[in-house]
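Please look through the sequence and the model shown below before reading on.

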Amino acid sequence: MTDHGDDELSSRTGSPDKEGRVPEERSLLHQSLAVRELIDTEVSYLHVLQLCASDIRSHLQQLPQGDLDVLFSNIDDIIKVNSKLLHDLQETAAREEEQVQLIGNLFLEFQEELEQVYKVYCASYEQALLLVEAYRMEPRLQREIQDTIEAVLPQAGSSGLSFLLVIPLQRITKYPLLLQKILENTLPDASAYPVLQRATSALQDVVTNINEYKRRKEVASKYTKVEHLSLRERLARINVHTLSKKTTRLGQLLKQEAGLVPKTEDKEFDDLEESFHWVSLCVTELKNNVAAYLDNLEAFLRFRPQEYDLDIPGGPVVQYCYLARDLQLQAFPEFKQRLEALVWQPLCSLAKALAGPQNLIKKRLDKLLDFERVEEKLLEVGSMTYEEEAARHMYEALNSLLVAELPQFKQLAVRWLGQILCTFVTLQRDLAKQVLQRAEGSLAQLPHHHISDPAFRKLVEDALGQTSHQLHAFQENFEKVLPPPTTQPLLPGAEHQVQALLSRYGPGKLYQVTSNISGSGTLDLTLPRGHVVALLQDKDTKGNSSRWLVDTGGHRGYVPAGKLELYHMVPREEELRGQARPHRDSQRQTPEPTLASVPSVPAVTQVVAVYPFVARSSHEVSLQAGQQVTVLEAQDKKGNPEWSLVEVNGQRGYVPSSFLARAPGPALWGWSLPS
């Protein structure tokens, strides 16, 4: 009876356990609805993404591929990650009691992947919106895009592309809200509660990191643009604000250099900047070398000796001309074309890609000066303006971006550079292989093709040694004769001045001006070409040996040493005739030369003029160095071998025999076979 009464009372007044279970059941119901909302919206979201990637993108082929890459960005990667996430979310339904905890662990597991893929998409979102605005300026194109989207997704309405582009951004920002809703309907003492707390906080961090990354990218896109402005355009950009900023930065920099304020040290960034600088230097140096290589290759292709008459007997020459013509027309032009396409153009692209980070590094220095000034003011005053806070955040964002991404960019640049070098080596190897293949047929017809490698090497060494001996003999023939004195003509009326300088300083101190001198200093002289001066000192008061102190006979001053040469006294014709009078039986048609006697030139048909010679009378003929000369008589009429009768360009006359030399006879073309 008592038990029955107690049960009846309990049914009337309500059990405390039942009253406690009602809010718990309500929370579990709301929790279940929140979980269902998470999964159902994920299914709908993934379906829209798949429609965008398959149907809509494939029907917008009238747009350039570059535009499609910007509009849809890395949507395929997002679909891949969210497909795995949805699959794992749906599998949690089989374990209803642990479902909430499994969902929390699942989002902790996908935290990094979600951040990576959505970070890339959000960074290109602003650029995609610019394309959308550009399409609105073309009504016909805008109508085609709108019809395509409405046919696949009617719910997009008039928003069209804008509706599609914003969907991934909305989804990633909604994950923390959905998890927060599940957390709010989870009892604090439940085992899933701390897991959901960590998952909610992790997704909030993902959204924060994406926003920060997006802001960094906006800063980078702003400062990586390398503009080539004219002076007028640069001046047009100057205003009071820019002058104030530059003046403040300059003042901050001067205070740091003077040691008045400390300089911010960042060893991590300094090391990154130094390594990146070396990579940039290597790319620049390689680009200059490849440019010089291409210029030399172009000059080589213009030189075609096989098209000229070499005046050499046939045999190996014919084979050489055939091979050279074949290589000039096919092998070398193909190599040059491949070199430009596979090495030069990628190298230029790499150098252009490096310009953006280099500009960012320069801008970071400017922003660092602003940051240091703001920090200094913050310590003194304790507050800062909105603009100063923005400048502070700008430096932090720029520095974080460089520290995070400069190592990755440097690694890619090094890999890129390595691929270019490998390609260059491969092209060289292919060219050598192709030349050898084309030369095999021609080599088989040469007289020495059957010789072994050691014998061929000895044959080449002997041939080169013989040629070297001939060149050495020719050089000795030239060196037997001293070079004739080279003098400029004296200025009119300068004989008296030269005689005065000669009597005062002697012949070893006289120099002649080789070109006009215009004095620029107070002690510098202005002298015409041909003026004779006397050397006083072979350096100036500072020890500079390129400026000599000279005396002109009336003024003293400094002149460039490079415009002076030793003056050689040339006897007058009257003096030479006076010296010739005592020799009654040896009168000649031409005056006797003052050069030392040398072995006479044999009476051969052709010789070479070693030095230039200027005729001084009608009995002589002028020569140019290297000119071919026909010797008619190797002596004059009196039998003196110091003068030879020659014919040059149809003119006959006497020239000094010491000015002539025999050239070594040309060796026979090719090599003779060893006996």
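How much space lies in the largest cavity? The answer is about 70 Å³, where a cavity is, on a 1 Å grid over the protein atoms alone, a set of points where a 1.4 Å probe fits but cannot get out, and where lining residues have an atom within 4 Å of a point. The volume is the space filled by probe spheres set on the points, with grid points joined across faces, edges and corners. Before going further, please note that this is a predicted model, in which local features need pLDDT of at least 70 and side-chain atom pairs count only at pLDDT 80 or more, while totals for chains, interfaces and linings use all residues. Residues are numbered from 1 along each chain as its sequence is written, and side-chain values use heavy atoms, with hydrogens and water left out.

In total, the count comes to 2 cavities of 30 Å³ or more. Around the largest cavity stand Leu 49, Cys 52, Leu 71, Phe 72, Ile 75, Tyr 121, Leu 161, Leu 164, Leu 165 and Pro 168. Two or more residues of this lining come from each of helix H2 (16–58), helix H3 (65–72) and helix H9 (161–184), and H9 gives the most, with 4 residues; helices here are DSSP runs (H or I, at least four residues), strands are DSSP runs too (E, at least two), and both are numbered from the N terminus. By class, this lining has 10 nonpolar, no polar and no charged residues, where Ala, Val, Leu, Ile, Met, Phe, Trp, Tyr, Cys and Pro count as nonpolar, Asp, Glu, Lys and Arg as charged, and the others, Gly among them, as polar.

The second largest cavity holds about 50 Å³ of space, and its lining consists of Val 132, Arg 136, Gln 142, Ile 145, Gln 146, Ser 159, Gly 160 and Leu 161. Divided by class, the lining of the second largest cavity has 3 nonpolar, 4 polar and 1 charged.

Helix H8 also holds Thr 148, and this residue is buried, with a relative accessible area of 15% (buried means under 20%, exposed over 50%, and partly exposed in between, with a 1.4 Å probe and protein chains only). A polar atom of the Thr 148 side chain lies 2.9 Å from the backbone oxygen of Glu 144. Leaving aside residues up to four places away in sequence, Thr 148 touches Ile 56, His 59 and Leu 60, where contact means heavy atoms within 4.5 Å.

Turning to the aromatic rings, the count comes to 9 aromatic pairs; rings of Phe, Tyr and Trp (its six-membered ring) pair if their centres lie within 6.5 Å, and planes under 30 degrees apart count as stacked, over 60 as edge-to-face and the rest as tilted. One of them joins Tyr 293 and Phe 335, which are edge-to-face at 6.5 Å centre to centre, with 70° between the planes. Because Tyr 293 lies in helix H13 (residues 267–302) and Phe 335 in helix H14 (residues 316–381), the pair ties together parts that are 42 residues apart in sequence. Tyr 293 is partly exposed, with a relative accessible area of 27%, whereas Phe 335, at 5% relative accessibility, counts as buried. Tyr 293 and Phe 335 also form one aromatic cluster with Phe 424.

Technical notes:
1 Å grid on protein atoms, 1.4 Å probe; cavity = no way out; pocket = protein on both sides within 12 Å on 5 of 7 lines; lining within 4 Å. Polar contact = N/O pair within 3.5 Å; in protein donor to acceptor, adjacent residues only side chain to side chain.
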